[in-house]
Structure formats: C-alpha cells, structure tokens
Amino acid sequence: MAKIVVDFEISHGEEKRTEGNIVIVNIYPSKANLHEQVKKLIAGQFNCSDEIISIKQIKMNA
C-alpha cells in the first residue's frame with residue numbers, strides 16, 4: 001500500500017486546460033500500469049474520461 005502525490009492536467013479542448021495535484025492514499029500500485037490506475041482514479045473524481053488526463057509527475061511516499 002502506498003501514498004502518492006500526482007501532478008496532472010485535464011484538457012477540455014484546444015485552449016482550455018485544468019492543472020492540479022491530488023493525493024491518493026491506500027493505493028496498491030502495479031509498476032506495469034500505475035499511470036493507468038491513477039488516470040482512472042482522477043477521471044472518477046472529476047467525472048470525465050481518462051483519455052483527457054495527462055500525468056505530469058507521480059511522487060510516491062511509503
């Protein structure tokens with residue numbers, strides 16, 4: 001189990017973007033698909049498609 005801090009961007013169109021960060025706790029990261037896991041969690045929080053989310057950085061804490 002890990003706690004991660006994610007910097008991300010949501011693209012709402014060609015010129016509209018939302019940048020932010022989120023802390024996710026109680027995640028069991030899999031190295032093969034950590035970005036996909038995180039994108040799906042963020043998409044669920046913002047009620048949007050995970051295809052419009054780009055992950056800038058993931059910081060992992062124990």
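This is a predicted model: local features need pLDDT of at least 70, side-chain atom pairs count only at pLDDT 80 or more; totals for chains, interfaces and linings use all residues.
Let's begin with the layout.

Now the overall dimensions. For 62 residues, a compact globule would have a radius of gyration near 11 Å, and the chain has 12 Å, so the two agree. Along the principal axes, the C-alpha atoms fill a box of roughly 35 × 20 × 15 Å. If you take contacts with a separation of 6 or more, 45% of them join residues 24 or more positions apart.

Of the 62 residues, 27% count as buried. As for charge, there are 8 positive and 8 negative ones, and their mean positions lie 9 Å apart.

What about the core? In soluble globular proteins, nonpolar side chains tend to be buried together. Here the largest nonpolar core has 14 residues, and Val 6, Phe 8, Val 38 and Ile 42 have the most contacts inside it. Two or more residues each come from strand E1 (2–11), strand E2 (17–27), helix H1 (34–46) and strand E3 (53–61). Which element gives the largest share of this core? That is E1, with five residues.

Do have a look at Phe 8 on the screen. Setting aside neighbours within four places in sequence, Phe 8 touches a run of residues including Thr 18, Gly 20 and Ile 22. Its contacts also include Ile 42 and Phe 46, as well as Ile 53 and Ile 55.

Most residues other than glycine have a negative phi. Asn 26, which is not a glycine, has a positive phi of about 60°. This residue, Asn 26, lies in strand E2. Is Asn 26 buried or exposed? Asn 26 counts as exposed because its relative accessibility is 55%, and the cut-off for exposed is over 50%.

Asn 47 also has a positive phi, near 50°. Where does Asn 47 lie? You will find Asn 47 in the loop between H1 and E3. With a relative accessible area of 73%, Asn 47 is exposed.

Conventions. Residues are numbered from 1 along each chain as its sequence is written. Side-chain values use heavy atoms; hydrogens and water are left out. The radius of gyration is taken over C-alpha atoms; the globule rule is 2.2 Å times the number of residues to the power 0.38. Buried means under 20% relative accessible area, exposed over 50%, partly exposed in between (1.4 Å probe, protein chains only). Contact means heavy atoms within 4.5 Å. Lys and Arg count as positive and Asp and Glu as negative; His and the chain ends are not counted. The place of a charge is taken as NZ of Lys, CZ of Arg, CG of Asp or CD of Glu. A nonpolar core is a set of buried Ala, Val, Leu, Ile, Met, Phe, Trp, Tyr and Cys residues joined through side-chain atoms within 4.5 Å. Helices (H or I, at least four residues) and strands (E, at least two) are DSSP runs, numbered from the N terminus.
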